[in-house]
Each structure stands twice: as C-alpha cells, then as structure tokens.
Amino acid sequence: MQMPFMGTHAVDDFLVGTQAAVAGGTTMIIDFVMPTKGESLTAAYKKWRGWADEKVVCDYAFHVAVTWWSEQVANEMVELTKVGINSFKTFMAYKDVFMLRDDDMLNCYEHIGKIGALAQVHAENGDVIAKKSAEMVAKGITGPEGHLLCRTEEVEAEATQRAIMIANQVNCPLYVVHVMSKTSADVISAARRRGCVVFGEPIAAGLGADGNCHFNKCWRHAAHHVMGPPIRPDPSTPGYLMDLLASGDLQTTGTDNCTFNTDQKALGKDDFRAIPNGINGVEDRMSIVWDRGVATGKLSPSQFVAVTSTNAAKIFNIYPRKGRIAVGCDADIVVWDANAQRTISAKTHHQAVNFNIFEGQTVTGLAKVTISRGTVVWKDNKLSTTRGSGRFVETPPNCEHVYNRIRTRDVVRQPKKVEREPYTGPVAVLEK
Ligand SMILES: NC(=O)NCCC(=O)O
Ligand SMILES: [Zn+2]
C-alpha cells in the first residue's frame, strides 16, 4: 500500500487499504517494504512503519524486499529479524531496478537460511522481459497486450524453477509470491514432491480475473489489468490454481494489492513498459476464493479458512496468535455469510483506485461482520474503524513449521570427503 513504484505511488494508502481489507473479511494484512537499490533496509522499514502505524485499522506485518546485495544489507537483515521481520522478498524481474542476479540471490538465500528467515521470490526472467519488451515496442506493439506477450508462461516458470534450485542449493526455504500460471504452479508442485521446502501463493487476480483483458479494445480497461507476472489468458488457469490449493500443492492466497488510478496507468499510454504494474484484490480476495473455491465444490469451508488465513499464520510464524479461534488467540474473527451475494464494482468498493479488475462479477460469500482484536470494524455493510488502531505484528524467525526439515538437513546433508590414497602417477603439463 502507498508504495512508491515506477515513478508514482500506489493509491490505496494504509488507511483506505486496511479499511477495504476488513470490509472484505480480512483481519490482518502483510504488506511489503520496498527499498530502492542502495537504500538502507532499516531506513526503508522505518519509513513504511511511519506510514502504516498512524493509519492501519487492522493488524499488519511486513516482508522487506532485498533489491541489492552487500555486507550492509546482510547485517541489516539480521537487525530486521530482531524487530519482527522474518521474510525477505527478492525480484528476478525489473532489470536494473529491483532485480537480483543469480549470484546475489545465491548469497542472499544462503544468508536467509542462516538467520532463520523465509526467502520470497517474484519469479520472472527479467533479462528475457527486457529484451522481448523492447522488441515488442520496436514492432509497434506499444499497448498493454505487449506486457502480456513478452511474458509467456515459461518466462515465469523458468524463474520459478531457478529460484527453487538456488534456494535448495543453500538449504533455504522459499515462498513464491503471486503464482500466476499453471506452468509455474506445476513447477512448485513438482519441487514439493522432490522434497524442496517451497510454498506457493496464488492471488485473487489469478483466481478470479481474465488475462484476455490485455487485448481489450479499450486502452484503460487493458492497462488496469497490467501486473507482473501477468494475469493469464488461459481460461483454465483460475480453476487449476484453485485445485492445487485444494490438494495442498499451493498453500496460501494473497492479493499483491498495488493499485494505480487511470492517470497513473496512463504514464504508459504510448509504451506499455511505463504502465505502473499492479492491480486490486485486498477487498475482494475472500469473496473470490469462496466463490471460485467453496461455491464450486473445489474447497471445503475448512480448506477456505486454511488457504485464506491459517496456513499463512503458520508459515509466517504467528500461529496460533493469528489464524486460529481459541482462548488466548487474538479475537480476529469474521462472520461469513456463505449465501449472500454481491456484485463487485469500483463504484461501490472501499478502495481508492478508480477501477476494479473484478468489475461486474456477482460473487457468492461475503463478510457480514469483521472483528479486529475484539472490536467490530465492519458490520452489515458499514465500516466502524479507528485510524491507527491496528498493531504491527512481529513475525519471529526460526519458524518451526518452515524450518524443521531445513535444520535437520543442515546437519545430515553436509558433503563428506572420500578418504583415499593420493594419486602418484604422471600429470600432464598444461599447454601454453
Ligand atoms: N505485481 C505487480 O505487478 N506489482 C506490485 C509489485 C510487484 O510485486 O511486482
Ligand atoms: Zn512481485
């Protein structure tokens, strides 16, 4: 929320963004801090805390992005784990801006494994995107369809596979954010079957929106669907991702909520590369997951709770304080009306953005009451929030749920030297 990005700022700030979240039945958000290359991670974290603390109307936590690599960054990551950051997002795209190269990712993930945190990855091949998007523009394809056309599924899947390989090489747990394609989801499933400690998070956009909108004749409509990795045009994608949530191959549902108004999207009116990437989702995620998951018979209501709440609480090490209703846990509770319907529209949503990627969809399942730490913040279609009432929730490192297999592997997977007699025969002389 509020994130400075691609020369502008996301329009949902921490007040409006968290109000929209609770209106949709979300009781806690995890947003990410985005330092620029060369910027102190700690300074960025403090800046984001300053923006969030005075505005949030529900509890929140942060991931911090690692957009450059140095000893200073490594030291700051250690400091950040002490103030409640246990997840660090890395980018394989946004070449020259946020992207890390493989050697930096390797060092970063090795460090993350040592400090007991969780690596997150935005998985797209940034070199391919840079080349292909330039080619696209040279061919005269300057509209939003170019954004999709230079990011085929394999561009996402290759990066997903590479990130998993890099994390596995240094025994670091990995969380793939915004899994948008069937191909990428398959890569994650296959890796989990091989024993890799990897988690996958599809988002509301990938579960409920249509990537064919990139080809819409209306530039505004198309541009408002631009995000990375792109919403896929294959109509079987949403159902497939939902099936993998049901089977446990994918674990959580997020939003990557990062919204820009039309005038901001229009920064790229003549060149899709300048369209700020990002879509809505924070208000509609719960209804989209219920509508596409439970109402279709793909998910049970208990699985809905798991993929929208409990699994994330476990992975980010805040369970059972969050993600569970029991004595001693925070009273973050949603009373869910399984049969109620609503038609999603930018005209009625609580977000600041002037477009909604789910516009016109009538979804089944919505929050009747949302309770944030014991206080009713949403009831019968009315907000009753207090600015700044949300608290920062520390996410501690060394999460048992994530690290139990990792720590055993640290010990049992140490390579062993073969003891043998030295070779005493002739040795060829190197040619000059
Ligand atoms: N996903 C997206 O398009 N915008 C938010 C920033 C990012 O994660 O790329
Ligand atoms: Zn991302």
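Ala, Val, Leu, Ile, Met, Phe, Trp, Tyr, Cys and Pro count as nonpolar here, Asp, Glu, Lys and Arg as charged, and the others, Gly among them, as polar. With that in hand, let's look around this predicted model.

Start at ligand 1. Around it sit His 122, His 178, Met 227, Gly 228, Asp 256, Cys 258, Asn 277 and Gly 278. By type, that shell splits into two nonpolar residues, five polar ones and one charged one.

Next up is Lys 89, where an unreviewed UniProt entry places the feature "modified residue: N6-carboxylysine". Is Lys 89 buried or exposed? Lys 89 counts as buried because 20 C-beta neighbours lie inside 10 Å, and 20 or more is what a buried residue needs.

Lys 89 belongs to strand E5, residues 87-91. Five of the five residues of E5 are buried, so the strand is largely enclosed by the rest of the structure. Ser 87, Lys 89 and Phe 91 point one way from E5, while Phe 88 and Thr 90 point the other way. Alongside runs strand E4 (residues 59-65), which pairs with E5 in the parallel sense over two bridges; Lys 89 is the bridge partner of Ala 65.

Then there's the largest nonpolar core, with 124 residues. Ala 119 is one of the members that touch the most others, and Tyr 45 and Val 64 are also among them.

| Residue | Touches |
|---|---|
| Lys 89 | Phe 32, His 63, Ala 65, Gln 120, His 122 and Val 177 |
| Ala 119 | Phe 88, Thr 90, Tyr 109, Ile 112, Ala 167, Cys 172, Pro 173, Leu 174 and Tyr 175 |

Notes
Residues are numbered from 1 along each chain as its sequence is written. Chains are lettered from A and ligands numbered from 1 in the order in which they are written. This is a predicted model: local features need pLDDT of at least 70, side-chain atom pairs count only at pLDDT 80 or more; totals for chains, interfaces and linings use all residues. A nonpolar core is a set of buried Ala, Val, Leu, Ile, Met, Phe, Trp, Tyr and Cys residues joined through C-beta atoms within 7 Å. A residue is buried if 20 or more other C-beta atoms lie within 10 Å of its own, exposed if 12 or fewer, and partly exposed in between; C-beta atoms are placed from the backbone. Two residues are in contact if their C-beta atoms, placed from the backbone, lie within 7 Å. A residue is near a molecule or strand if its C-beta atom, placed from the backbone, lies within 6 Å of it. UniProt positions are given in the numbering used here, feature names are shortened, and annotations may be inferred rather than shown by experiment. Helices (H or I, at least four residues) and strands (E, at least two) are DSSP runs, numbered from the N terminus. Two strands pair if DSSP finds at least two bridges between them. Lists of a residue's contacts leave out its neighbours within four places in sequence.
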